[in-house]
Amino acid sequence: MIALDCDDLFATWRDQARTLLGHGIDPAEVSWAQGPIDDLLAVPTTLPDGPGPFRAKVPAALLNLLEQAARYRGEQRWNLLYEVLWRVAHGDRTAMLAGDRLGSELHRRIKQVSREAHHLHAFVRFVPLPEALAEQLQLDLVAYHEPAHDILHSASAHFADRLGRQRWLIATPQDGIRFDGSAFDYQRNCPEDWQQWARNADDPGAELWRTYYRHTFNPARLNPDALRMHMPGRFWRHLPEGMLIPQLEGLARQGKQRDGQASEVAGQRGKQINRSE
Amino acid sequence: MQLIAKLGILADAAKYDASCASSGAPKRSSRGSEGLGATDGMGICHSYTPDGRCVSLLKVLLTNFCLYDCQYCVNRRSSNVPRARFTPEEVVRLTLDFYRRNCISGLFLSSGIIRSADYTMEQLIRVARLLREEHNFRGYIHLKTIPDADPLLIEEAGRLADRLSVNIELPTDASLKRLAPEKQAHTIRQAMGVIHRGQQAVAGEPKAPRFTPAGQSTQVIVGADATDDSTLLRNAESLYHGYGLKRVYYSAFSPIPDSPDSVPLAAPPLLREHRLYQADFLLRGYGYKAGELLGEAGNLALDIDPKLAWALANREVFPLDVNRAEPALLARIPGIGLRSVQRLVALRRERRVRYDDLIQLRCVLDKARPFIITSDYRPAQGELRSGLLRAQLREPQAPVQMGLWG
């Protein structure tokens with residue numbers, strides 16, 4: 001058994017996989033380490049020397065699929081990719097199609113990864129820093145986000161398109177990215193001070209957004225399952241509106257469901273309009 | 001009145017419009033530039049409220065003062081609601097603040113009718129102009145179009161906004177007369193025509209200034225009057241063909257506070273709305289005709305989806321061999337969507353498709369099973385009568401809000 005560690009880097013894995021393929025090493029004969037716990041049964045052997053005799057040709061589209069699926073955090077993260085690569089390199093192209101059992105898992109991972117990138121674009125919430133602090137840190141906006149897969153690096157350019165010359169930072173428990181208005185600084189291990197700034201930013205202005213959220217909700221259409229399907233609970237704690245969700249559901253269940261209006265509006269004095277006004 | 005208090009009133013007043021799409025805009029980026037905002041054709045749902053609907057845009061009214069007295073509308077002049085009015089600068093400030101925070105992808109601005117249709121339209125245009133020209137805002141803008149406004153104003157709005165919409169609200173003349181006496185069906189269609197002609201004038205001219213690049217849409221209210229699904233869908237079909245509409249939104253009528261006797265005070269018909277969205281999607285994406293989906297019936301079935309209903313009514317087309325059938329026909333199999341059709345076609349180029357492959361593709365086999373043949377499967381229910389089959393396949397479905405994209 002060959003035991004390898006690619007440090008969860010696709011480029012490293014790709015070089016290792018190329019060598020293995022060149023030497024005709026079967027997927028069952030190799031295992032990649034996953035975090036600190038190694039495969040106890042694997043007796044580590046090193047990678048064979050040189051490129052090996054087998055010159056494998058694989059379509060460029062496959063490498064693209066593998067790179068996307070590599071961002072998926074989960075069991076058999078790297079082994080699965082090698083299995084797909086092995087089958088396609090040996091002439092079985094169905095391994096990269098969604099109709100195949102292995103290909104189906106490959107595509108499921110790609111879908112999860114792209115969904116998680118979409119979650120980043122949707123649910124990151126930036127907090128604007130007050131002017132003095134912004135000047136001191138050279139940062140206008142900070143955000144803290146907890147993605148389930150390794151998508152921060154590949155998916156963050158989106159925010160440079162949206163925010164123009166604004167300077168921003170997204171910190172996660174693993175990695176972090178900072179943009180100074182023209183260039184990115186990506187850190188695989190998020191610096192401690194980035195996390196501090198992002199997690200402790202004071203945000204009095206969020207009350208405006210919470211007000212909007214409360215009032216755009218229509219209690220007569222209460223459907224909490226749909227909310228949970230599209231916006232999983234794990235994101236709520238970093239959303240300014242997250243704490244309102246259970247509260248609004250509760251109010252709607254206790255009778256506010258009879259019409260669409262928020263109770264804060266119902267409590268205010270109304271005004272009918274004369275045509276001549 | 002403080003900004004935050006106005007926001008509460010004017011967001012509450014705008015929530016009955018179903019549209020919140022931010023998709024379909026051309027590629028724009030602010031990278032390295034002054035200003036803010038990007039679009040790339042994909043919509044983003046930045047949040048969901050407990051009603052299950054997506055929050056993609058800041059959806060507010062400029063004012064909920066209104067001279068009209070539409071019975072279904074919470075803002076009608078005889079309604080006893082608190083009133084407020086934003087200045088254009090206030091809407092701009094809110095849009096930019098929420099956008100920077102990544103809470104929204106743009107603005108959807110509508111308004112009660114104040115002074116005149118032209119004056120109201122001018123105010124909406126003013127906000128869009130401030131955003132685009134003073135603040136270099138490149139995010140998504142959707143403006144409501146006031147039907148009776150001067151066509152020149154509508155054209156001006158079309159050059160600033162990604163999307164314009166003129167709401168039909170009630171699809172028959174009789175209902176409009178009864179419930180929205182100040183509105184007229186023909187001016188609504190005229191406004192749609194102005195927008196459509198503006199789009200046609202720049203179609204195929206890449207150098208021409210953009211005109212509503214994300215298209216126009218409309219909304220009809222479901223359940224405020226007695227209009228049936230057949231009328232709603234045939235109406236939608238004629239709008240898609242006649243005015244090149246991107247989307248028709250169906251909004252189940254939510255009871256309003258201080259409700260007049262002319263409209264129902266009942267829970268919104270969410271399941272009916274859901275079936276209408278499904279049927280509408282079949283019109284736009286699958287090439288079904290409204291007549292095929294409804295036949296003689298006035299309303300869509302609530303207990304089964306419209307695609308399954310069509311298949312049950314057209315058993316002679318089935319079972320279809322997934323290894324041979326044309327893609328357009330494959331898409332008519334219940335439980336097999338457009339994406340699965342593409343994947344099946346890719347797979348059958350490599351080898352014969354088996355039953356197990358459909359499981360891997362995550363097709364809904366409970367629905368598809370009676371209607372398909374694979375290399376290793378033939379339906380035992382082939383002979384089963386449609387009535388029995390329907391009894392087996394019907395399932396009480398919780399209403400799911402969908403169709404807010406596009």
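Predicted model: local features only at pLDDT ≥ 70, side-chain atom pairs only at ≥ 80, totals over all residues.
Chain A is assigned three stretches: domain 1 (2-118), domain 2 (124-199) and domain 3 (206-266). The centres of domain 1 of chain A and domain 3 of chain A, taken over C-alpha atoms, are separated by 43 Å. For chain B, the assignment gives domain 1 (3-208) and domain 2 (306-393). Here 42 Å separate the two domain centres, again taken over C-alpha atoms.

The two chains touch each other. On the chain B side, 68 residues are in contact with 65 residues of chain A. Several elements of chain B each supply at least two residues to this side, including the helices α1, α2 (88-100), α12 (338-350) and α13 (355-360). The strands β1 (47-48), β2 (54-55) and β3 (58-61) are also among them. Helix α1(B) gives the largest share, six residues. By type, the side of chain B that touches chain A divides into 35 nonpolar, 18 polar and 15 charged residues.

Helix α1 (residues 3-12) of chain B meets helix α9 (residues 206-216) of chain A. Their axes come within 8 Å and cross at roughly 25 degrees. Angles under 35 degrees count as roughly parallel, so α9(A) and α1(B) are roughly parallel to each other. The crossing is right-handed. From α9(A), the contact is made by Glu207(A), Leu208(A), Thr211(A), Tyr212(A), His215(A) and Thr216(A). From α1(B), Ile4(B), Leu7(B), Gly8(B), Ala11(B) and Asp12(B) take part. The residues of this helix contact comprise five nonpolar, four polar and two charged.

Definitions and conventions: Residues numbered from 1 in each chain as written. Chains lettered and ligands numbered in written order. Domains from an automatic or database assignment. Axes fitted to C-alpha atoms, helices over the stretch in contact; angles between N-to-C directions. Helix = DSSP H or I, 4+ residues; strand = E, 2+ residues; numbered from the N terminus. Parallel < 35°, antiparallel > 145°, perpendicular 65-115°, else oblique. Left-handed = near helix turned anticlockwise from the far one by under 90°. Contact = placed C-beta atoms within 7 Å. Nonpolar A, V, L, I, M, F, W, Y, C, P; charged D, E, K, R; others polar.
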